[in-house]
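This briefing goes through a structure with two topics in mind: how its chains meet, and what surrounds one of its ligands. Please keep the sequence and the model at hand while reading.

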Amino acid sequence: MSKPVPLSKLDEKEFIVPANSACQGCAGSIVARIVSKVIGEDMVRQEVACCGPAFGNITQPVFYGEVFEGAGAMMTGFARAFNRLGRDDIRVTGIIGDGGTTDIGFQGLSASAERNEDMLWVCYDNEAYMNTGGQRSSATTKFAATTTTPVGEFSRGKKERKKPLPILVGVHRVPYMATASVAYPEDFIGKLQYAKPVKGFRFIQVSAPCPTGWNYDPRYSVKVAKEMVLSGLWPLYEVVEGALRITYKPKELKPVKDVLRSQGRFRHITDEEVDEIQGEVDEFWGRLQEKDGGPLF
Amino acid sequence: MEIRFHGRGGQGAVTGVRILATALFYDGKFTQGIPMYGTERRGAPVVSFLRVGDERINERDLVHEPDMVVVLDPLLGRTVPITEGLKKGGLVLINHPKGGKETGLGGKFKVATVDATSIALEVIGRPITNTAILGAFAKVTGMVTLEAIEKAISEQWSGRVADMNVRAVRKAYEMVSEPVDVSGVKPVDVVKPVPGDRDVSSWRLFKPEMDKGKCIGCRRCYILCPEVAISMVDNKADINYRYCKGCGICVEECPVKAIEFVQETI
Ligand SMILES: Cc1ncc(C[n+]2csc(CCOP(=O)(O)OP(=O)(O)O)c2C)c(N)n1
Ligand code: SF4
Ligand code: SF4
């Protein structure tokens with residue numbers, strides 16, 4: 001079980017080079033920095049062609065795979081090779097976008113999880129293929145305007161609901177699965193610290209808003225992430241050896257309306273559409289609470 | 001005539017060129033708007049090109065020796081050689097709050113300035129300068145009418161957004177300065193970014209200013225700055241402005257409001 005880590009407990013050591021070439025206010029950058037800091041010296045990192053390389057000027061060794069479907073396979077190779085070399089101290093860590101995780105990378109992810117390969121897969125979830133200009137992914141929230149689901153006479157934005165990837169990974173019976181958010185760094189760091197020494201497949205999906213793709217002022221990146229947690233759009237929970245635990249419980253969920261309307265990608269949505277998302281959020285939150293403290297399935 | 005546009009990702013250099021090319025076409029000209037696509041992200045330097053003539057243009061190359069350069073960002077010239085290839089006697093139109101001789105540009109060309117950032121902040125509420133600069137373009141070149149620009153804008157946007165952009169265009173038309181000769185001015189050196197020690201200070205439109213007396217040392221801004229520009233010195237947050245892009249996250253997230261966001265002075 002993870003425990004939030006107070007920020008005062010962090011040391012000053014950094015593994016990331018300051019000032020990157022990502023957008024102003026990129027929350028994915030915050031994810032890469034925190035992962036590099038917490039996993040530290042022992043990290044060997046896998047990247048694919050996401051925005052990651054733009055913000056991942058990290059000094060730990062990196063292996064870069066041009067194609068997304070390769071992440072799981074490449075990390076499997078590294079994990080096994082380091083194991084053969086007797087280097088059990090090394091933590092093979094992926095910092096991979098939602099497209100490279102939930103869609104194109106999914107078979108490699110699922111296969112690695114099923115084989116319980118010794119790796120930590122961190123997905124920074126900006127809810128679209130941002131590096132190539134903001135195309136929808138299966139992690140995009142319903143009704144969001146993206147460049148492949150524009151809003152117009154015949155389209156209300158993305159038609160499908162967000163894929164419940166954390167649950168999908170959880171039912172692979174992996175040793176550790178968690179959700180996290182850049183707005184709750186203490187919780188995220190606690191989860192990384194817990195996951196770091198665990199052997200086998202570990203997965204953390206981190207909500208990382210994108211000012212460019214979601215169309216809001218960069219200064220609100222963390223605020224938007226926070227409102228998503230407070231409204232139940234992105235609940236924080238973990239599954240340790242099959243048992244689910246909600247790690248942050250707002251007393252009462254805020255309505256999703258305000259956080260949706262604060263983003264340009266949802267500016268068009270009607271009250272009925274808000275209600276539809278609200279209904280789904282309430283239902284999912286209800287189920288999570290039922291399962292809290294017990295088995296995921 | 002060939003024109004090069006410089007801007008930053010998010011300022012709308014590509015859209016600006018498209019609107020201008022359309023407007024010139026409405027005024028009976030032949031035009032080409034040429035966007036350059038790469039992996040540029042919001043805030044990173046971008047270029048796009050415009051070609052205009054009275055007859056059909058068969059050339060399809062990028063513009064290498066422009067007659068005119070349009071610059072959407074006042075500080076871009078610190079890291080990008082914006083006057084490279086500019087023809088002798090050419091013209092630079094730059095978004096800058098000061099006069100043509102005080103922009104850091106110098107050489108055998110003229111410089112006209114317009115404070116498009118202030119106009120955009122006032123009229124549109126966001127520092128998107130691509131439409132305002134078109135009003136200034138119309139005035140200093142006399143090549144395109146305001147009516148044509150307004151028509152092209154109303155095809156790009158509608159309603160309130162179109163109205164705001166039209167107002168920004170008109171205001172910039174009024175406010176742009178006369179081009180001045182800068183052959184006597186010594187240009188400020190262009191400093192290219194050093195890998196591993198990037199200076200991103202020129203990305204900033206607003207600057208986070210820290211009141212150390214108020215800081216309680218909670219470290220929230222320190223862990224949330226996407227650029228890792230904040231360190232803790234004697235348990236107080238300390239901003240290294242070389243690495244700060246001015247995103248404003250620290251300003252929003254400080255629980256005791258120790259950080260203020262103030263517009264950069266140039
Ligand atoms: C198999 C494959 N298809 C397409 C691409 C082209 N491509 C490069 S980056 C990118 C977008 C990545 O999206 P995501 O994984 O969500 O990460 P983000 O860009 O949002 O950080 C795409 C489609 C690729 N590299 N590999
Ligand atoms: S404005 Fe953004 S980049 Fe600058 S110090 Fe604050 S959080 Fe960091
Ligand atoms: S968030 Fe505010 S109080 Fe906390 S360390 Fe930063 S400046 Fe100081």
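This is a predicted model: local features need pLDDT of at least 70, side-chain atom pairs count only at pLDDT 80 or more; totals for chains, interfaces and linings use all residues.

**Chain contact and ligand surroundings**

Between chain A and chain B, 18 residue pairs are in polar contact, counting pairs with both residues at pLDDT 80 or more.

**Polar contacts and salt bridges**
- In a salt bridge between the two chains, the side chain of A:E12 meets that of B:R219, with an N to O distance of 2.4 Å.

**The side of chain A that touches chain B**
- Four helices of chain A, namely α1 (27–39), α7 (185–195), α8 (211–214) and α9 (221–230), each give two or more residues to the side that touches chain B.
- Of these elements, α1(A) gives the most to that side, with five residues.
- By residue class, the side of chain A that touches chain B divides into 22 nonpolar, 10 polar and seven charged residues.

**Extent of the contact**
- Chain A brings 39 residues to the contact, while chain B brings 28 residues.
- About 3,000 Å² is buried between chain A and chain B, and carbon and sulfur atoms give 52% of that area.
- In chain A, the residues that lose the most area to chain B are A:Q24, A:R33 and A:R219, which together account for 23% of what that side buries.

**Around ligand 3**
- The residues around ligand 3 come from chain B and include B:M210, B:C215, B:C218, B:R219, B:C221 and B:C254.
- The shell around ligand 3 divides into 10 nonpolar residues, one polar and one charged.

Note on methods. Residues are numbered from 1 along each chain as its sequence is written. Chains are lettered from A and ligands numbered from 1 in the order in which they are written. Side-chain values use heavy atoms; hydrogens and water are left out. Contact means heavy atoms within 4.5 Å. Buried area is the accessible area (1.4 Å probe) that two parts lose on being put together, summed over both. A salt bridge is a side-chain nitrogen of Lys or Arg within 4 Å of a carboxyl oxygen of Asp or Glu. A polar contact is a pair of N or O atoms within 3.5 Å; within protein, one must be able to donate a hydrogen and the other to accept it, and residues adjacent in sequence count only if both atoms are side-chain atoms. Ala, Val, Leu, Ile, Met, Phe, Trp, Tyr, Cys and Pro count as nonpolar, Asp, Glu, Lys and Arg as charged, and the others, Gly among them, as polar. A residue is near a molecule or strand if one of its heavy atoms lies within 4 Å of it.
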